[in-house]
Amino acid sequence: MEATMVIRYSEAFIEQALFKVYSRGTRTVRSVAEELNVNCHTVKNWMKRKAVGSGVLPVKEKRPQDWTPEQQLIALHQTHGLSGEALLKWTPPSRQ
């Protein structure tokens, strides 16, 4: 019988991993998980936990490539000149 090792990840690591997952573009959750060297199911559990903990039902978030031309133009205008933390806090047009 093989013993499995339980790995504990810090909340900071989990938050960074979720940021990567939610801003992955056309990549799959599995590919981001592999890049982070984390089991795909673990990442999906983090996503579920985050959705439940926020009190908001998870919604299928539109990726930038799925935005309408109008939403893309709005995003371009709103983010022009933003950097750092201001850019991270920006909310996409589909979520406003």
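User: What's the relative accessible area of Glu35?
Analyst: Glu35 has a relative accessible area of 44%, so Glu35 counts as partly exposed. That class sits between buried (under 20%) and exposed (over 50%), with a 1.4 Å probe and protein chains only.

User: Before we go on, what am I looking at?
Analyst: This is a predicted model, where local features need pLDDT of at least 70 and side-chain atom pairs count only at pLDDT 80 or more, while totals for chains, interfaces and linings use all residues. Residues are numbered from 1 along each chain as its sequence is written, and side-chain values use heavy atoms, leaving out hydrogens and water.

User: Thanks! Which residue meets Glu35 in a salt bridge at 2.8 Å, N to O?
Analyst: That's Lys20. A salt bridge here is a side-chain nitrogen of Lys or Arg within 4 Å of a carboxyl oxygen of Asp or Glu.

User: How many salt bridges does the structure hold?
Analyst: There are 4 of them. One of these pairs Lys50 with Glu15, with their closest N and O atoms 3.2 Å apart. Because Lys50 lies in helix 3 and Glu15 in helix 1, this pair ties together parts that are 35 residues apart in sequence.

User: How accessible is Lys50, and what about Glu15?
Analyst: Lys50 is partly exposed at 38% relative accessibility, and Glu15 is partly exposed with a value of 38%.

User: Switching topic: which residues touch the most other members in the largest nonpolar core?
Analyst: Val21, Val29, Val43, Trp46 and Met47 do, out of 13 residues in that core. Helix 1 (11-22), helix 2 (29-36) and helix 3 (40-54) are the elements that each give two or more residues to this core. By nonpolar core I mean a set of buried Ala, Val, Leu, Ile, Met, Phe, Trp, Tyr and Cys residues joined through side-chain atoms within 4.5 Å.

User: What does Val29 touch?
Analyst: Leaving out residues up to four places away in sequence, Val29 touches Val21, Arg24, Cys40, Val43, Lys44 and Met47. A contact means heavy atoms within 4.5 Å.

Conventions: Helix = DSSP H or I, 4+ residues; strand = E, 2+ residues; numbered from the N terminus.
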